[in-house]
Amino acid sequence: MEKMEESNKKETNVKRQKGGMITMPFIFSNEVCEKLAVVGFNTNMISYLTTQIHMPLTKAANTVTNFGGTASLTPLLGAFIADSYAGRFWTITVASIIYQMGMTSLTLSAILPQFRPPPCKGEEVCQQATAGQLAILYGSLLLGALGSGGIRPCVVAFGADQFDETDPKQSTKTWKYFNWYYFVMGASMLVAVTVLVYIQDNFGWGWGLGIPTIAMFLSIITFIAGYPLYRHMDPAGSPFTRLLQVSVAAFKKRKLTMVTDPQLLYRNEELDAAISLGGKLVHTEQMTFLDKAAIVTEEDNVKSSQAPNLWRLNTVHRVEELKSVIRMGPIWAAGILLITAYAQQSTFSLQQAKTMDRHLTKSFEIPAGSMSVFTMVFMLFTIALYDRVLVRIARRFTGLDRGITFLHRMGIGFVISVLATLVAGFIEIKRKQAAFAHGLQDKAHGIIPISVIWLVPQYALHGIAEAFMSIGHLEFFYDQSPESMRSTATALFWTSISVGNYVSTLLVSLVHKFSAGPDGSNWLPDNNLNKGKLEYFYWLLTGLQVVNLLYYICCAKVYTYKPIQIHSKDSEPEKDGLELASTV
């Protein structure tokens, strides 16, 4: 009878951990709706705040940046909760409900007149929003930022969890999943900046916000309905506590002499069972000063049946977790400058577009803000080409199932990003030459008779660069992070985007300050772009990216992939497989 019960439990666990391709529609629906809502609103948010809430432009701009900054930091909180306590499924579910509450209140404020100031009348000064109306707005934005913080880092990691590469029956690989994830995310963003923005501008904010709100509600139901199909990874306690324990233990034992044989370092498979379901990390020769946290002394009393004091003694697996995190740091930092370059599309590239002839046909003029469509289209095309063609070609030369390593993929993205800002500088020269040729250099808002199509190459190159670098970056974080903190690691991807935008703000401020001449000239003038030296700024970015590329090559060259001993699907321990560290 007991054997039958055990067998039934095993069968239940197998069913519960099914995973695979069948789960993707349930998971992707949540991500698509979150992106529709976030991007669709953020793209036109400044317009909503100024035309509907009647905010002054500077206050509206600060609201946009404050909301963006908060939304970029909350993924760290969401990832911590998922990895430490709630697990990814429940974090996504609760975060989606919080996000739904924010979207619902925002939609109601756009529909119900009592939640926003009355429309402006003629030349009268527009009535600004009351404290209560602003409280509803800020509360909605805060709920949205908190909800996004739980969704963004967890959806990508939860989706990747559904594919078990150690299972020989699992044909789909995680590298394919990351391509699909980014493609679906990019496609939903493309719909948001075209269809949703069009609805907002032509049919009103009630429809423009109501459609993604309803879609988000349906996606939550769909996501929860897929619960029996998912593979669930249980949280294993705070990863930050474990990292801190290793650091403290290594510091306490800093004066000890290192053991000659790494096999003498402390190991405890039972203690590490919950944080090494996919395999245990094995000892590496880097950062050996941290290995002292695993040196056993008489005070540690490891012969006792009780677990050791983890503030004094840690296992090799836990020490290697900290090493893995430290090794990822330099690669994480290398991605910041690419985001800084990418950010110029929504600032100076947009200003360039405003001064150019934007007629694609005699009757259709593309809005300057919609030029980012070219970035997204080329990004989506590159992802599809990479997945269906380039991987197969590269596989013949490298023998790797994924074609090239994610570090090589990121490197290609860096090179293309350098070309993007280099080309942008030359196009700016051509734009200004056209302005001078037609006597428009003093007319800040004059339309220069040069087609906006000239800007497409820089937008396209940024899109291609993102398809290589951003997906490689995301895959790197998931693959190389300790398995017990994968949500936190993917949150680092979003954090690098946040830092990249802040670096852009700092760089623009510094260039504007130090390029100012006594005659009022400036590389980045406040009013008339035709009198500036925007090409110098682009080439400064190019130079910084070249230095960053060399830095990245050095980091990638010495980077050691985390070595992991994979648990065999067979129950016999001697059949465990060891994946050794490799250096690229």
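1. Cysteines. In this predicted model, Cys154 counts as buried because its relative accessibility is 0%. Cys555 is likewise classed as buried, with a relative accessible area of 12%. The cysteine sulfur closest to that of Cys555 belongs to Cys554 and lies 6.9 Å away, which is too far for a bond. A disulfide requires two cysteine sulfur atoms within 2.5 Å. Across the whole structure, the search returns 0 disulfides.

2. Overall confidence. The mean pLDDT of the protein is 83, and 90% of the residues reach at least 70. Confidence is highest in helix H17 (residues 534-558), at a mean of 94. At the other end of the scale stands helix H1 (residues 2-16), where confidence is lowest, with a mean of 43.

3. Cavities. How many cavities of 30 Å³ or more does the model contain? The count comes to 5.

4. Lining of the largest cavity. This cavity is lined by 16 residues, of which Val38, Phe67, Tyr99, Met103 and Gly144 are the closest to its centre. Two or more lining residues come from each of helix H2 (24-51), helix H3 (57-86), helix H4 (88-111) and helix H5 (131-161). Helix H5 gives the most, with 6 residues. By residue class, the lining divides into 10 nonpolar, 5 polar and 1 charged.

5. Lining of the second largest cavity. Which residues line the second largest cavity? They are Ile275, Ser276, Gly279, Leu281, His317, Glu321, Pro482, Glu483, Lys562 and Ile564. The lining of this cavity comprises 4 nonpolar, 3 polar and 3 charged residues. For the largest cavity, the corresponding division is 10 nonpolar, 5 polar and 1 charged.

Methods. Residues are numbered from 1 along each chain as its sequence is written. This is a predicted model: local features need pLDDT of at least 70, side-chain atom pairs count only at pLDDT 80 or more; totals for chains, interfaces and linings use all residues. Side-chain values use heavy atoms; hydrogens and water are left out. On a 1 Å grid over the protein atoms alone, a cavity is a set of points where a 1.4 Å probe fits but cannot get out, and a pocket is an open set with protein on both sides within 12 Å along at least five of seven lines; lining residues have an atom within 4 Å of a point. Grid points are joined across faces, edges and corners, and a volume is the space filled by probe spheres set on the points. Helices (H or I, at least four residues) and strands (E, at least two) are DSSP runs, numbered from the N terminus. Ala, Val, Leu, Ile, Met, Phe, Trp, Tyr, Cys and Pro count as nonpolar, Asp, Glu, Lys and Arg as charged, and the others, Gly among them, as polar. Buried means under 20% relative accessible area, exposed over 50%, partly exposed in between (1.4 Å probe, protein chains only). pLDDT is the predictor's confidence in each residue, from 0 to 100.
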